[in-house]
Amino acid sequence: MSSMLRDTLYRLSRQPGLQLLQRRGDGGARELTTWRLRLAPGADHRYAAAGEESVLIVQRGAASVTVAGDTFGVSRKDVFEERAHAVYVPPDEPMAIVASNEFEAIVVSTPAVHRGRPAHVAPADVRVNARGRGNYAREVHDIFVNDSVAQRIMVGETFNPAGHWSSYPPHKHDGKDGEPVLEEVYYFRIDPPQGFGQQLLYAADGECAAHVVRDGDAVLLPYGYHPVSSPPGYRLYYLWAMAGAERKLALHEDPNHRWIHDQ
């Protein structure tokens with residue numbers, strides 16, 4: 001039995017500057033590369049991804065972000081307090097970030113051809129969706145999903161109340177049942193931060209893995225079903241990014257658990 005699903009958790013302590021969390025071509029990733037950027041007040045960083053489009057999603061702090069001559073002011077108290085600021089960076093365009101105060105962001109990229117202009121999503125632009133019900137109710141925020149800006153990448157955020165499940169009923173998007181083939185990565189935050197969550201991954205053939213996820217962990221989802229749960233007392237957030245052969249947010253739910261919709 002393949003062990004690929006067991007090797008998909010990336011846990012790195014936070015470091016200053018640009019920190020690689022997972023790279024396309026390593027550990028089974030075909031499409032996505034994920035970075036964490038941390039800057040002290042007044043510090044700056046220059047980022048560029050040859051042949052890849054990128055999205056910067058603010059986690060906390062404030063900065064000015066300049067891409068192709070456009071400068072955007074971005075800020076966020078925290079992911080649990082405010083909706084996202086995000087910046088789209090076209091392939092091969094450098095991005096210059098200057099922190100106004102202590103700043104943290106995630107940058108996700110995927111291969112694409114050069115197209116279009118940079119774009120800024122402000123909190124008022126984020127589309128908020130209520131999903132599920134009962135103890136699998138959660139809030140999903142679309143950042144770059146149905147837009148005409150990005151070429152291949154889709155990015156959003158999910159918020160689990162304490163004790164709730166998400167990505168539930170379990171779903172997948174690996175193409176094995178006719179749905180579009182999409183690789184995905186989750187980046188987790190926990191409130192309070194000493195808490196944890198549970199990331200499950202399993203395939204119909206019996207392959208499975210379970211990860212205890214902590215604040216700041218990333219998990220690559222190369223294939224299979226991937227539900228998430230948060231324990232009592234701890235709110236859970238994950239940034240999600242997808243890329244694949246088709247830019248279409250579609251999924252296949254596990255038929256063994258689809259019955260919950262009828263309750």
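Buried residues make up 53% of the 263 residues in the chain, where buried means under 20% relative accessible area, exposed over 50%, and partly exposed in between, with a 1.4 Å probe and protein chains only. This is a predicted model, in which local features need pLDDT of at least 70 and side-chain atom pairs count only at pLDDT 80 or more, while totals for chains, interfaces and linings use all residues. Residues are numbered from 1 along each chain as its sequence is written, and side-chain values use heavy atoms, leaving out hydrogens and water.

Let's start with the overall build. The chain has 22 strands and zero helices; both are DSSP runs numbered from the N terminus, with helices being H or I of at least four residues and strands E of at least two. The radius of gyration is 18 Å, which agrees with the value near 18 Å for a compact globule of 263 residues; it is taken over C-alpha atoms, and the globule rule is 2.2 Å times the number of residues to the power 0.38. Along the principal axes, the C-alpha atoms fill a box of roughly 50 × 40 × 30 Å. Of the contacts between residues at least 6 apart in sequence, 74% join residues at least 24 apart, a contact being heavy atoms within 4.5 Å.

Now for some individual residues. His 141 sits in strand 12 (residues 138–144) and counts as buried because its relative accessibility is 3%. Arg 83 is 58 residues away from His 141 in sequence, yet their C-alpha atoms are 8.3 Å apart in space. Not counting residues up to four places away in sequence, His 141 touches several residues, among them Arg 83, Val 126, Phe 159 and Trp 240.

Asn 129 belongs to strand 11 (residues 127–131) and is buried too, at 10% relative accessibility. Beyond its neighbours within four places in sequence, Asn 129 is in contact with Arg 138, Glu 139, Val 140 and Asp 142.

Asp 174 lies in the loop between strand 15 (171–172) and strand 16 (182–191). Its relative accessible area is 12%, so Asp 174 is buried. Leaving out residues up to four places away in sequence, its contacts are Glu 179, Pro 180, Val 181, Tyr 223 and Gly 224.

| Residue | Partner | Distance |
|---|---|---|
| His 141 side chain | Glu 139 side chain | 2.7 Å |
| Asn 129 side chain | Arg 127 side chain | 3.4 Å |

The backbone has some features to look at as well. Most residues other than glycine have a negative phi, and most peptide bonds are trans. Asp 92, in the loop between strand 7 (86–89) and strand 8 (95–99), has a positive phi near 70 degrees. Asp 92 is partly exposed, with a relative accessible area of 46%. Ser 167 has a positive phi near 50 degrees, but is buried at 5% relative accessibility.

Ser 167 is found in the loop between strand 14 and strand 15, and Pro 169 is in the loop between strand 14 (165–166) and strand 15. A cis peptide bond joins Tyr 168 to Pro 169, with omega about 0 degrees. Another cis bond links Asp 191 and Pro 192, with omega about -5 degrees; Pro 192 lies in the loop between strand 16 and strand 17 (197–202).

Key: Polar contact = N/O pair within 3.5 Å; in protein donor to acceptor, adjacent residues only side chain to side chain.
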